[in-house]
Amino acid sequence: MIVKNGLVWNGRSFEKKDLFIQNGQFVNANNYTEAGPVVDATGLFVLPGFVDSHAHIIGTGMKILTHDMSKEKIEDILSPNVKENFIIARGWEELPENYYLQLANIIQKPIILVRKCGHVAWINNYLKSKLNYKENLIYESAIDQVWKYFGDEFYENAFRIGQKEFLKYGVTQVHSDDFHGISFESLKKLLEKSQIRVFEKLCTNEPWKYEFGEFGMSKIKGIKIYADGSLGARTAYMFQPYVDTNDFGLFTVPENFDEIINYAEKNNLQLNIHTIGDKALNKIIMILEKHNVKQKHRLIHLQFVKMDDFGKLKNFYLSVQPHFYYEDLGILIYVRYELAYPFLKMYQSGYDIAFSTDSPVSPVDPRYVLESALKMGFSKPDAIKLYTESGARMADIKAGKIEEGYLADFCLYEGDPFTNLPVSVFIGGKEIKEE
């Protein structure tokens, strides 16, 4: 394939040039021997496909398929006219009034109302009884058991819709966390047929029970571990107690974490560890130091960091979300900390960081993240690099850059790519058509 006369991003700006693609990679014009199609990109901007270094494809699809509590009224969600066999709604900051919870409790179908962060949920009495739970308000791992209730077909549909949503915004690679409720066999089939490149972080405390490797364009090469919860739920694990609850949050690593670390190290699998609170981060660093890990594992979120721990972050890949700072401004008054959202400082210190949305927690649109990064002090070229090449490198995938030897994952735009959505998306040199 030849892409002619495009305005191609060179890492700092756009320049007019032709691109030559062979066997799914960019090649030098002198090495191009394939008689492939020619794409006229005259007047179009060419940007590498975005790489979301931490998100949830199925969760993104579920948000579209189900109710959004930030946009819909609770009385409409719980209306007798709702015909679904079950009701899933996400997005509350504060639980709905007790009147509506009582209404949900008399409805004889499963209802789960999930907080925006995904770390706290409320279930109605019908679902509580089916799962033999004692409380309606549930946290962390208890929520995972709820997802098993809804069946593979629902999650398969959510994956297809979520994938379509990422492609719409020019995201060609997602480092995803999807193993919640869906069976492993169904997840494997989805990855094998995926239109998008997926680096799957398998959320399990027993990784030795599952198959790791490559599946179509995707691969399962990561293990997802939760070290704590979220700031909004007051379950991020902190050194100092929350001002409004006097609690410290939760440390949620599995009891067999040492065994998981040993398995990952032995089998060349990347640990991807969710850590938001400063004490959770401190404990994770100490545990991994004790194991003298040889691989470069990944830490996700890192919203609060003790100054004594900051220098140790150079030993890890760091997946961060600049927009979380601006989303969380209203609740920062409830925590005591030394460093908060020190993402620019990480980058200026030469650490390996990459951007992500954590969709469906936040919008899937890369422009939303880039806007926050620029406000935080990142330059536009650096922000784009951290949303393309840097994320791909964390997954050992040579993509995110328009250069010889890189996978030909790119998008074409009419007008400014930082304002408009792509008109075409290519992965491995093939245009992705809507299924």
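**Exercise 1. Find out whether Arg197 and Asp409 are buried or exposed, and how their side chains meet.**

Step 1. Start with accessibility: Arg197 and Asp409 are both buried. Buried stands for under 20% relative accessible area, exposed for over 50%, and partly exposed for what lies in between (1.4 Å probe, protein chains only).

Step 2. Now look at the side chains, where Arg197 and Asp409 form a salt bridge at 2.6 Å, N to O. A salt bridge is a side-chain nitrogen of Lys or Arg within 4 Å of a carboxyl oxygen of Asp or Glu.

Step 3. Helices (H or I, at least four residues) and strands (E, at least two) are DSSP runs, numbered from the N terminus.

A word on the model: it is predicted, so local features need pLDDT of at least 70 and side-chain atom pairs count only at pLDDT 80 or more, while totals for chains, interfaces and linings use all residues. Residues are numbered from 1 along each chain as its sequence is written, and side-chain values use heavy atoms, with hydrogens and water left out.

**Exercise 2. Describe the salt bridges of Asp177 with Lys224 and of Glu338 with Lys306.**

Step 1. In the bridge between Asp177 and Lys224, the closest N and O atoms are 2.8 Å apart. Asp177 sits in the loop between strand E12 (171-176) and helix H7 (184-193) and Lys224 in strand E15 (residues 218-226), so parts 47 residues apart in sequence are tied together.

Step 2. Check their burial: Asp177 is buried at 2% relative accessibility, and Lys224 is buried at 1%.

Step 3. Turn to Glu338 and Lys306, whose side chains meet at 3.0 Å, N to O. Glu338 is partly exposed at 35%, and Lys306 is partly exposed at 22%.

Step 4. Glu185, Lys188 and Glu211 are linked in a network of them.

**Exercise 3. Work out which residues of helix H3 are buried and what they pack against.**

Step 1. H3 covers residues 98-106, and its buried residues are Tyr100, Leu101, Ala104 and Asn105. They lie on the same side of H3, because they cover an arc of only 145° around the axis, taken from the directions from the helix axis to the C-beta atoms.

Step 2. On the face turned away from that buried side, find the exposed Tyr99 and Ile106.

Step 3. The buried residues pack against helix H2 (74-77), strand E9 (111-115), strand E10 (120-123) and helix H4 (125-131). Contact here means heavy atoms within 4.5 Å.

**Exercise 4. Which residues have the most contacts inside the largest nonpolar core?**

Step 1. A nonpolar core is a set of buried Ala, Val, Leu, Ile, Met, Phe, Trp, Tyr and Cys residues joined through side-chain atoms within 4.5 Å.

Step 2. The largest core has 99 residues, and Ile112, Leu313, Met346, Phe355 and Phe378 have the most contacts inside it.

Step 3. Take Met346 as an example: leaving out residues up to four places away in sequence, Met346 touches Leu302, Phe310, Leu313, Leu318, Val320, Tyr351 and Ile353.

Step 4. A second, separate core has 18 residues, including Ile87, Ala104, Cys117 and Trp122.
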